[in-house]
Amino acid sequence: TECGTTFFNVSSSTLTSKYRGESEKLVRLLFEMARFYAPSTIFIDEVDSLCSTRGTDSEHEASRRFKAELLIQMDGLNNNSAGEDKSILVLAATNHPWDIDDAFRRRFERRVYVPLPNSETRTALIHLCMEGIKIDPSVSIKSLAEKLEGYTGSDITNVCRDAAMMCMRRKISGRSPAEIKKMKKSDVDLPVTATDFAEAVQKCKKSVSTSDVIRYQNWVEEYGSC
């Protein structure tokens, strides 16, 4: 990786098994490999699916054993005195931080909230998504970025992709498959216009509501740390 560590990308499917005791073994093996190849980074995606609140009526015994083993392994990292070159960093990502068990939340010492893209970031994302695609000179990327306030990075990608396809959709509309096959690349390789972007914005709505943002902000005010 860029930080010069061995990277382990894991998810719930990586660490869980239908066989009794196998999930705990997989957790131990993961951390043993991380120690062997240290310095290492362990990234757990959608960590709430693995580290949800314990003690609920619906929790299975296997899930409790798995969480206990993961807690033990993470405690072992904190007590490791092998030095900087043997360090192991555990990163995790979630869209539901309020579902994470208290014990796991305490072990993740830095809890950072990643907000929605600001105007500058949205502008950079649009340029990145439209790289290599012709854009009409009349299109104002800055104005488009302002219209996309409240959109996630994925939402912006969808808008750009949809806008880039608008011209081709208009060209092939009403044509038979045989006629479409005879079309040249130059027939559909036209610049994306402001109208294309406007239609794409109308079709692709933002996926995060204001109430969702407020809930994240309330959580980070109570539990966040930088």
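Trainee: How do the residues of the lining of the largest pocket divide into nonpolar, polar and charged?
Mentor: Keep in mind that this is a predicted model. The lining has 24 nonpolar residues, 7 polar and 9 charged.
Trainee: Which residues lie nearest the centre of that pocket?
Mentor: Ala92, Ala93, Arg110, Arg111 and Val112 do, out of 40 lining residues. As for elements, helix 3 (61–78), strand 3 (88–93), helix 4 (102–107) and helix 11 (210–223) each give two or more residues to the lining.
Trainee: And what volume does the largest pocket have?
Mentor: About 1300 Å³.
Trainee: OK, changing topic. How many helices and strands are there in the protein?
Mentor: There are 11 helices and 3 strands. Going along the sequence, the pattern reads β-α-α-β-α-β-α-α-α-α-α-α-α-α.
Trainee: What share of the residues counts as buried?
Mentor: Of the 226 residues, 31% do. The protein exposes about 14200 Å², with carbon and sulfur atoms supplying 52% of that.
Trainee: How many salt bridges does the structure hold?
Mentor: It holds 5. One of them joins the side chains of Glu24 and Arg65, at 2.9 Å from N to O. Glu24 sits in helix 2 (residues 22–36) and Arg65 in helix 3, 41 residues apart.
Trainee: Is Glu24 buried or exposed?
Mentor: Glu24 is buried, because its relative accessible area is 10% and the cut-off for buried is under 20%. Arg65 comes out at 22%, so Arg65 counts as partly exposed.
Trainee: Which residue does Arg107 meet in a salt bridge?
Mentor: Asp75, also at 2.9 Å from N to O. Arg107 is in helix 4 and Asp75 in helix 3, so this pair ties together parts 32 residues apart in sequence. Arg107 is partly exposed at 23% relative accessibility, and Asp75 is partly exposed at 29%.
Trainee: What about Asp162, which residue does it form a salt bridge with?
Mentor: Lys203, where the closest N and O atoms are 3.5 Å apart. Asp162 belongs to helix 7 (residues 153–172) and Lys203 to helix 10 (residues 194–203), so parts 41 residues apart in sequence are tied together. Asp162 is buried at 10% relative accessibility, while Lys203 is exposed at 51%.
Trainee: Last one: among contacts between residues at least 6 apart in sequence, what share joins residues at least 24 apart?
Mentor: That share is 79%.

Technical notes:
Residues are numbered from 1 along each chain as its sequence is written. This is a predicted model: local features need pLDDT of at least 70, side-chain atom pairs count only at pLDDT 80 or more; totals for chains, interfaces and linings use all residues. Side-chain values use heavy atoms; hydrogens and water are left out. On a 1 Å grid over the protein atoms alone, a cavity is a set of points where a 1.4 Å probe fits but cannot get out, and a pocket is an open set with protein on both sides within 12 Å along at least five of seven lines; lining residues have an atom within 4 Å of a point. Grid points are joined across faces, edges and corners, and a volume is the space filled by probe spheres set on the points. Helices (H or I, at least four residues) and strands (E, at least two) are DSSP runs, numbered from the N terminus. Ala, Val, Leu, Ile, Met, Phe, Trp, Tyr, Cys and Pro count as nonpolar, Asp, Glu, Lys and Arg as charged, and the others, Gly among them, as polar. Buried means under 20% relative accessible area, exposed over 50%, partly exposed in between (1.4 Å probe, protein chains only). Contact means heavy atoms within 4.5 Å. Accessible areas come from the Shrake-Rupley method with a 1.4 Å probe; for residues, only the protein chains shown count as cover. A salt bridge is a side-chain nitrogen of Lys or Arg within 4 Å of a carboxyl oxygen of Asp or Glu.
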